[in-house]
Amino acid sequence: MALRKIRTGKDPVLRKVCKPVNDINDSFKTLLDDMADTMYDADGVGLAAPQVGVLRRAVVIDVGEGLVELINPEIIETKGEQKDCEGCLSIPGATAEVIRPSYVKAKALNRDGEEIIVEGRGLMARAICHELDHLDGILYVDKAVGEIQY
Ligand code: NI
């Protein structure tokens with residue numbers, strides 16, 4: 001188990017657009033393992049590679065339904081709308097309401113380089129949207145519909 005430092009606040013790495021993953025090699029798989037360890041250690045439900053300082057398109061999510069690793073993910077379908085409170089390991093102690101789709105379908109690669117389809121409703125849909133936003137340098141506070149609560 002290896003933990004990586006979670007970048008927070010105004011760290012500029014959080015505002016960059018990440019590059020696609022071209023080569024899922026051993027060091028990249030170690031990164032995925034470390035991202036999951038770091039997410040669980042911090043009691044998060046998702047973590048994106050830029051949050052540990054790596055500008056590549058990869059996220060890990062576990063909303064209590066098991067670990068999902070998404071490499072080069074893209075949202076291909078959304079339905080509905082949900083408004084709920086959201087937080088982020090890179091913005092400790094804050095929450096705000098964000099409107100997200102209530103259903104999301106995404107395609108991605110798994111660590112074996114195979115294309116996978118992931119569907120999420122409720123919190124999973126929210127987590128997919130939140131983590132994929134990180135890959136484009138977008139933080140949930142950019143989309144908050146109300147006051148940010150500390
Ligand atoms: Ni986040």
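This is a predicted model: local features need pLDDT of at least 70, side-chain atom pairs count only at pLDDT 80 or more; totals for chains, interfaces and linings use all residues.

**The cysteines and their setting**

Reply: Going along the sequence, the order is α-β-β-β-β-β-β-β-α. The radius of gyration of the protein chain is 14 Å, close to the 15 Å that the globule rule gives for 150 residues, so the chain is as compact as a globular protein of that length. Its C-alpha trace spans about 40 × 30 × 25 Å along the principal axes.

Of the 150 residues, 45% count as buried. Take contacts between residues at least 6 apart in sequence: 65% of them join residues at least 24 apart.

Now for the cysteines. Cys-18 counts as buried because its relative accessibility is 4%, under the 20% cut-off. Cys-88 counts as buried too, at 12% relative accessibility.

So what about a bond between them? A disulfide is a covalent bond between the sulfur atoms of two cysteines. To count here, the two sulfur atoms must be within 2.5 Å. The closest cysteine sulfur to that of Cys-18 belongs to Cys-88, but it is 13 Å away, so that's too far for a bond. By this rule, the count of disulfides comes to zero.

Conventions:
Residues are numbered from 1 along each chain as its sequence is written. Side-chain values use heavy atoms; hydrogens and water are left out. Helices (H or I, at least four residues) and strands (E, at least two) are DSSP runs, numbered from the N terminus. The radius of gyration is taken over C-alpha atoms; the globule rule is 2.2 Å times the number of residues to the power 0.38. Buried means under 20% relative accessible area, exposed over 50%, partly exposed in between (1.4 Å probe, protein chains only). Contact means heavy atoms within 4.5 Å.
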